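Let us read a structure together, one feature at a time.

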Amino acid sequence: MSVNTNDISVLVDKIERRLGLLMLTPHLPENLGKKEWVSVIENDTMVTFSRYYPRKIPFVVNDQTCWRKKEGDKTYYIIKDECLNGNKLLGVKDINWQDTSADNISVGQTAGYGYYVPEFGGYEDTLTSFMQFQQAADISSMYNNQIFVEFTYPNKLWIGRAGNIDVNLKSFVVELLVQHTNLQTISPTMMETFEALAQCDVARFLVNNLQYVDGLETAYMQIDLKLDALRNAAEKRDNVIETLQNSYVSASNDAIPYIITVSG
């Protein structure tokens, strides 16, 4: 296993230890065992986490990947399902301004002076280069047509400028927001929160299913599963969700548009 890979089997073992289930797990029926915990994490935890911290991927918008549909004064691009490669689309962040392929660079040039400066500063002229970039940004802001992307769930987007004017291009690149499908796409810096949410979901799964046999009288004994600890773990889910809600609009989340303004 790569040191850079988040392993779901390691996560399941960690949850087992943290919930104190090492003695109980071997006696659980197969449909409540650790293989089912993986399913809970994939279908519950990953879905919830992705709503706050989705995965960001580049996507080329053209006639091969989208249908065009005219509605009133707007030309919409309808993303084809087969071009998403099985990804669950959650939204569109913005045009990928760092990608100068396709027609992205021409979109940038519509702002007036242009976004791209054809000079890259070295050690000897770093200060000059910064000044050139700032001058270009200042001049560009005078003529900026406020190009933006409007996304309509589940798969429709429009690119335009102020006054609902179409920016109708044959090809450009946007950043799609999609659902995570495995742990490898989740930043290690976010794994503590993800692990806490996964632990709550597994605890809730076990409590919801084991509560029907807890306290059951048999011919040999009364079953006592000590579910209170699991219930307490499951009830912490609301706190984890609150943490996600309070923190996802921040510079730590590169899936949201975030601008830092410095005045001086």
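**Reading loops, strands and helices**

Q: Where is N62 found?
A: Keep in mind that this is a predicted model. N62 is found in the loop between β1 (55-61) and β2.

Q: Is N62 buried or exposed?
A: Buried means under 20% relative accessible area. N62 has 14%, so N62 is buried.

Q: What does N62 touch?
A: Leave out residues up to four places away in sequence, and N62 touches K170 and S171.

Q: In which sense do β2 and β3 pair?
A: Strand β2 (residues 66-71) and strand β3 (residues 74-79) pair in the antiparallel sense, over 6 bridges. Across the pair, W67 stands opposite I78 in β3. The hairpin has 2 residues between the strands, and G72 takes a positive phi near 65 degrees there.

Q: What span should helix α5 have?
A: Count 1.5 Å a residue: the 20 residues of α5 (residues 191-210) should span 28 Å. The end C-alpha atoms of α5 are 28 Å apart, which agrees. As for cover, 14 of the 20 residues of α5 are buried.

Q: Which residues of α6 are buried?
A: In α6 (residues 228-235), L230, A233 and A234 are buried. Seen down the axis, the buried residues of α6 fall within an arc of 100 degrees, so they line one face of the helix. The face turned away carries the exposed residues D228, A229 and E235.

Q: What covers the buried residues of α6?
A: The cover includes α5 and α7 (237-247).

Technical notes:
Residues are numbered from 1 along each chain as its sequence is written. This is a predicted model: local features need pLDDT of at least 70, side-chain atom pairs count only at pLDDT 80 or more; totals for chains, interfaces and linings use all residues. Side-chain values use heavy atoms; hydrogens and water are left out. Helices (H or I, at least four residues) and strands (E, at least two) are DSSP runs, numbered from the N terminus. The expected span of a helix is 1.5 Å times one less than its number of residues. Buried means under 20% relative accessible area, exposed over 50%, partly exposed in between (1.4 Å probe, protein chains only). Two strands pair if DSSP finds at least two bridges between them. Contact means heavy atoms within 4.5 Å. The arc is that of the directions from the helix axis to the C-beta atoms.
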